[in-house]
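Subject: The structure I promised you

Hi there,

Here is the structure I wanted to pass on to you.

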Amino acid sequence: MDTPLTTIAVVGLGTMGTGIAEVLARAGREVIGIDIDEAAARRAVAALEASTARAVRRERITERERLDVLARFRTFTDLQAAKDAELVIEVVPESYEIKQEVFRELDAVVAPTAILATGTNALSVTRLAAESRHPERVLGLHFFNPAPAMKLVEVVSSVLTAPPAVESVTRLARDLGKEPVAVGDRPGFVADGLLFGYLNQAAAMYEANYASREDIDAAMRLGCGLPMGPLALLDLIGVDTARTVLEAMYAASQDRLHAPAPVLRQLSEAGLTGRKAGRGFYTYDAPGGQEVVPDALTPVAGAGTAAGRPVSSVGVAGSGTMASGIAEVFAKAGYAVVLAARSTEKADTAKARIAASLERSVSKGRLTAGARDETLARITPAGSLDAFAGVDLAVEAVAEDMEVKRQLFRTLDKVCRPGAVLATTTSSLPVVAVARVTSRPEDVVGMHFFNPAPAMKLVEVVRTVLTADDVHATVREVCAKIRKHPVDCGDRAGFIVNALLFPYLNNAVKMVGEHYASLDDIDAAMKLGGGYPMGPFELLDVVGLDVSLAIEKVLYSEFRDPGLAPAPLLEHLVAAGCLGRKTGRGFREYARR
């Protein structure tokens, strides 16, 4: 099992098997492709011919190299063809019965020293190994789709796997230009173990009619920098596949967050399994198509919406980074802005911060000096909320403390003119709780910007049960004028982004607390396997562990789901004062500035 792996069989030539075969053939391995369906084998050959032809056109390989790659890939319909393989990778459907049958047949075909790898991401590698004649040679080798492009490979050991087998496939993964991550045997492993819980919660959020599919997906793309929204990703993966993975995860964890959302079963049983069927959460131009086409659920622009109130002046309350960023956004868009803080000095400091931000934009060529001066001229600093007497929209961006916000809204209620819209930028507190301290709760709405406000395109528009239609319309119209993307959501903890993001972060902390995987491996897995711009521990240290814990506590208090209880390790680090980058130590240590 410690010999070079030069001849490799791939059993199952669907999308994943074909992609793995391409990676191996391009890396100089002799590849034996096996599928009982001759049509699947022909499609695999055609796919390799097409991809290598594209590579030649793009001058990444020569025509001679292309012919060599094609010559290294041979297809068969019988497992007997694997007899000379030093490694067999099975990527057949996610069924114990099917995989066990493949492994039983391979036991009788391949040499005792050959390594048998399963491509499963949901089933127990240990259970598959236990029924093999040589369980020590069985392991998991989990590629990500599309295999030629995705860098991550999870190498999965069971308690029965021999270390030399693990070492051999780990070396192979590196030779293929992949980043191998060593993990233990549990459903979902690292990347899918974190990803599918998040996808499941997004499906449940959609099913509860909390937000539209378009708004859920836009919120996670724009608010977290993800390459795809969760519902679009479920369609790409396959709704039925996601349900299978979640069933296996739930069977192992008994965590309600892994119990498949009923909508996944409904769509699967109706045959609406995503892109491959032409319809899932979205509708596509054809089975296997990529283009989303309008359907009965597609929103119609402007349909059924009230007219908003006119807004020409905006008050921003606060002097911190978020308040300064929001004031900058409104001033750039042409609004007259009153920036009010607890003192004139603090307001002047906040305006100076805006001036520095605008100067950076000028130096980078993103803004002209004239536009900078015009923007600054629109901002009037003030040391009291009394300056909000004439504004059309008042935006609160003070500390995330309920009593502080309530007191501020009591003052806004007295100061602001009748008909002014009052907005809170809270990310976790109930909007209706601040609305109720005013005499006009119908004028109060949530307007959750993301940090840094000048750069982030997303605004969550949070409507309470008391918010007036024209107030909701006003905020959406304002978002369009300041070039932000509004998404509608109801007044509950976390709204869209934090309600989906922070349970994922919490589960990553639990993985480390349970010694399942290291910080570095988890961060690498989510960046390379999930396309995340930052790993969960990088992000936690940037956000602040204290802030993250506070949001986790709010989510747990709101939904009372045991799976949302803050991870003990997170609580311990916060208690020790390890809050992330701002203190020089969180999950990692940082150089003091």
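This is a predicted model: local features need pLDDT of at least 70, side-chain atom pairs count only at pLDDT 80 or more; totals for chains, interfaces and linings use all residues.

Residues are numbered from 1 along each chain as its sequence is written, and side-chain values use heavy atoms, with hydrogens and water left out.

Let me start with the sheet. Eight strands make up an open, mixed sheet in the order S13-S12-S11-S14-S15-S16-S17-S18. Strands here are DSSP runs of E with at least two residues, helices are runs of H or I with at least four, and both are numbered from the N terminus; two strands pair if DSSP finds at least two bridges between them. S13 and S18 are the edge strands, each pairing on one side only. On average, neighbouring strands are turned by 25° against each other, direction ignored. S14 and S15 (residues 421-424) run parallel over four bridges, and valine 395 has alanine 423 in S15 as its bridge partner. Helix H17 (residues 469-481) packs on this sheet, touching S14, S15, S16, S17 and S18, and its direction makes about 175° with that of S17. For such angles, axes are lines fitted to C-alpha atoms (for helices over the stretch in contact), and the angle runs from 0 to 180 degrees between N-to-C directions.

Threonine 467 sits in the loop between S17 and H17. With a relative accessible area of 6%, threonine 467 is buried (under 20% relative accessible area; exposed is over 50%, partly exposed in between, with a 1.4 Å probe and protein chains only). A polar atom of its side chain lies 2.9 Å from the backbone oxygen of valine 444, and the side chain also reaches the backbone nitrogen of threonine 464 at 3.0 Å. These are polar contacts: pairs of N or O atoms within 3.5 Å, where within protein one must be able to donate a hydrogen and the other to accept it, and residues adjacent in sequence count only if both atoms are side-chain atoms.

Serine 384, in the loop between S13 and S14, is partly exposed at 31% relative accessibility. Its side chain has a polar atom 3.1 Å from the backbone nitrogen of aspartate 386. Leaving aside neighbours within four places in sequence, serine 384 is in contact (heavy atoms within 4.5 Å) with Ala340 and Ala341.

Nine of its twelve residues are buried, so H8 is largely enclosed by the rest of the structure. The cover over those buried residues includes H7, H9, S17, S18 and H18. Glycine 225, which follows H8, has a positive phi, near 70°.

Best wishes
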